[in-house]
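Reader: Could you walk me through this model, one piece at a time? I would like to ask as we go.

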Amino acid sequence: MPASLVLPVNAVAATPSRSYWAMVWHQLRRDPMALFISAILLLIILSAVFAPWLAPDDAYKGSMLHRLLPMGSEGHLLGTDELGRDMVSRLMYGGRISLLMGVIPVLAAFVIGTAIGLFAGYVGGTVNMAIMRVLDVFYAFPSVLLAVAISGALGPGMSNSLIALSLIFIPQVVRVAESVTTQVRKLDYIEAARMSGAGAFSIIRVHVLGNVLGPVFVYATGLLSVSMILASGLSFLGLGVKPPEPEWGLMLNTLRSAIYTNPWVAALPGALIFITSIAFNLLADSVRSAMDIRR
Amino acid sequence: MNTLVQPHSQDRGGPSQPLLIVRDLKKYFPVRGGLLERKRRFVHAVDGVSFSVPKGKTLGIVGESGCGKSTTARLIAHLMAPDDGSMIFDGEGVAELGGIELKEFRRNLQMVFQDSYASLNPRLSIAETVAYGPRIHGVTATEAGRLTRDLLFRVGLEPDQFGSRYPHELSGGQRQRVNIARALAFDPRMVILDEAVAALDKSVQAQVLNLLQELKAERQLTYLFISHDLHVVHYLSDHVMVMYLGEVVETGPVEDIYGHAAHPYTRALLSAVPSMDPEHRTRVPPLNGDPPNPIDPPGGCRFRDRCPHAHAVCAARAPVLAAVGENIAHSVACHMNDSLSGHPEAKQEYPA
């Protein structure tokens with residue numbers, strides 16, 4: 001046997017290797033912060049998803065007699081709003097729309113933006129330049145202003161605000177995906193793959209996508225809270241969901257008038273927006289550190 | 001190594017046909033001047049490089065960083081399109097009408113890169129990385145798996161133990177072994193080793209070099225070994241080519257280059273090698289200054305502004321590669337080698 005075969009190459013202890021995502025999962029499970037945040041988010045998401053079964057009351061049926069009841073009132077644990085509707089039920093139903101408004105634009109931007117960014121970054125050169133400069137136009141406007149402008153142009157309504165928000169996030173995701181792709185594209189393992197005669201599609205699918213998806217995913221997780229806040233903002237301005245639909249941003253707006261008489265109840269939708277977006281952000285942080293396991 | 005080499009199973013041109021002949025390879029990188037400057041200027045990264053690699057031999061390419069070694073490798077591998085030049089692989093023109101197709105050429109030529117980490121996809125396990133090439137060429141999963149196990153075992157990595165690992169779980173030497181295994185997956189005839197052992201520490205380097213030597217004999221490989229480490233080149237190479245600023249300044253059998261170098265640059269390089277003998281310390285720096293800017297290489301001989309023997313003729317005309325005396329294998333591009341060049345030191349201090 002040649003000398004190089006018996007050298008201490010096999011000195012590393014034999015621990016079974018896991019796939020990359022299994023390792024990320026393992027890291028996340030050992031992070032108490034991530035577990036706590038996930039529990040809160042799960043609670044919010046589950047109560048929104050199962051609102052029709054869990055809600056104690058009708059979220060649309062008002063009662064003039066029970067307007068603006070304080071917290072802890074009988075039958076209305078968190079009080080009632082300006083039309084006498086049960087706050088617990090409305091917050092649960094509102095979560096459905098608010099969460100959707102947070103998730104769907106980010107999901108759409110994640111898919112579309114990653115595709116554009118991968119293409120631009122992998123092709124490079126003039127094509128990349130053209131795509132990125134066009135998208136830079138979107139950057140010229142503050143995102144809130146742009147969201148208001150697009151929703152205003154399209155008209156109010158939930159689907160239009162979803163479109164507006166997606167359009168805002170796409171350039172941001174593209175920029176992240178493009179820059180990571182440009183970095184990855186220059187690495188030697190891409191050249192090695194080209195040496196083995198792999199086509200562009202195979203290289204992108206096997207070698208580029210896997211390495212780009214991670215950073216983009218982390219970035220997109222961070223966008224969830226932004227999306228939710230922007231969606232609530234649009235509704236607050238009357239550009240998003242229309243009454244009587246329960247939505248946290250809209251509820252915050254309509255309860256504004258009760259801020260002096262019943263501040264705790266009026267602050268509830270805002271508190272939920274706050275908690276949910278903070279939770280999304282912290283979760284993004286945990287995922288980010290869990291995914292960084294190249295030690 | 002002058003032992004008779006068993007011909008490779010895919011040999012076409014016969015034993016005396018060089019495996020690779022490169023003719024007049026050129027690559028100029030455009031540089032943008034000012035913001036509004038229209039005139040394009042070029043970095044002369046590789047400027048008319050020609051050489052041939054005999055079958056079963058190792059050609060070492062040496063030179064300072066920035067001299068065009070790695071660009072030459074990438075041009076040969078077609079990872080970059082050359083601006084000019086042609087290649088003949090085992091008697092057939094590469095990517096030419098009636099010659100060998102680029103795809104087929106690439107299968108015959110593999111490359112091992114310097115950065116063992118960057119050349120492995122961090123998301124793929126070792127086995128997946130090695131099996132990737134065969135898999136995209138339609139080899140079945142079982143067959144590719146068997147091939148991968150054989151290759152990993154051959155490069156000294158226990159397949160059961162290492163196959164499922166990820167690059168960050170391996171040491172530098174182990175990763176470079178994986179890169180070698182991947183390069184061998186196509187049963188190539190030529191492997192370009194681009195600073196393949198430069199990033200490894202000395203003991204690991206020796207192991208990998210030994211492995212490379214064994215593999216070469218076993219698989220009838222031909223190596224193009226690029227390095228700035230003259231000790232390693234001496235150990236591994238049969239022929240050596242010295243590059244300076246995108247040009248070949250001297251080429252020849254390893255004993256000739258290391259024994260009696262003809263070019264002042266080669267001599268400076270060799271005297272810069274740290275001596276193993278404390279009695280022979282290098283006291284005077286063998287070479288002063290930096291290589292000139294490759295955007296505007298000096299006219300005439302490119303080495304002249306650092307050369308201790310520079311003379312008027314060196315600025316006037318560029319020397320061409322010519323045989324050193326009777327030794328056809330050893331050639332040098334220096335006016336001092338040419339008795340008719342008019343250089344005062346020609347043929348006097350360096351007789352053939």
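Reader: Which residues does Ile295(B) touch, leaving aside those up to four places away in sequence?
Author: In this predicted model, Ile295(B) touches Val31(B), Arg41(B) and Val43(B), once residues up to four places away in sequence are left out.

Reader: And where is Ile295(B) placed?
Author: Ile295(B) sits in the loop between α10 (264-271) and α11 (312-316) of chain B.

Reader: How far apart are Ile295(B) and Ile192(B)?
Author: In sequence Ile295(B) and Ile192(B) are separated by 103 residues, and in space they are 27 Å apart, C-alpha to C-alpha.

Reader: What does Leu224(B) touch?
Author: Leaving out residues up to four places away in sequence, Leu224(B) touches Ile192(B) along with Val53(B), Leu59(B), Ile61(B), Ala73(B), Met190(B) and Leu193(B). Leu224(B) and Val173(A) are the residues with the most contacts inside the largest nonpolar core, which has 161 residues.

Reader: Which element gives the largest share of this core?
Author: That is α9(A), from which 17 residues of this core come.

Reader: What comes just after α1(B)?
Author: Just after α1(B) there is His78(B), whose phi is positive at about 60 degrees. His78(B) belongs to the loop between α1 and β4 (84-89) of chain B, and it is partly exposed, with 17 other C-beta atoms within 10 Å.

Reader: Where is Gln220(B) found?
Author: Gln220(B) is in the loop between α7 and β8 (222-226) of chain B, following α7(B).

Reader: How far does α7 of chain B reach?
Author: Helix α7(B), residues 202-219, has 18 residues and reaches 25 Å from its first C-alpha to its last, which is close to the 26 Å expected at 1.5 Å a residue.

Reader: Which residues of α7(B) are buried?
Author: They are Gln205(B), Gln207(B), Val208(B), Leu211(B), Leu212(B) and Leu215(B). Seen down the axis of α7(B), these buried residues fall within an arc of 160 degrees, so they line one face of the helix.

Reader: What covers them, and what does the face turned away carry?
Author: The cover over the buried residues of α7(B) includes α6 (172-184) of chain B, whereas the face turned away from the buried side carries the exposed residues Lys202(B) and Ser203(B).

Reader: Changing topic, how many residues of chain A and chain B are in contact?
Author: There are 27 residues of chain A in contact with 36 residues of chain B. On the side of chain A that touches chain B, α8 (188-195) and α9 (200-236) each supply at least two residues, and α8(A) gives the most, with seven. By class, that side of chain A has 14 nonpolar, nine polar and four charged residues.

Reader: And chain B overall, what is its secondary structure and its radius of gyration?
Author: Chain B has 11 helices and 12 strands. Its radius of gyration is 22 Å, close to the 20 Å that the globule rule gives for 352 residues, so chain B is as compact as a globular protein of that length. Buried residues make up 47% of the 352 residues in chain B.

Methods: Residues numbered from 1 in each chain as written. Chains lettered and ligands numbered in written order. Predicted model: local features only at pLDDT ≥ 70, side-chain atom pairs only at ≥ 80, totals over all residues. Helix = DSSP H or I, 4+ residues; strand = E, 2+ residues; numbered from the N terminus. Rg over C-alpha atoms; globule rule 2.2 N^0.38 Å. Buried ≥ 20, exposed ≤ 12 C-beta atoms within 10 Å, placed from the backbone. Contact = placed C-beta atoms within 7 Å. Nonpolar A, V, L, I, M, F, W, Y, C, P; charged D, E, K, R; others polar. Expected span 1.5 Å × (residues − 1). Arc of directions from axis to C-beta. Core = buried A, V, L, I, M, F, W, Y, C linked by C-beta atoms within 7 Å.
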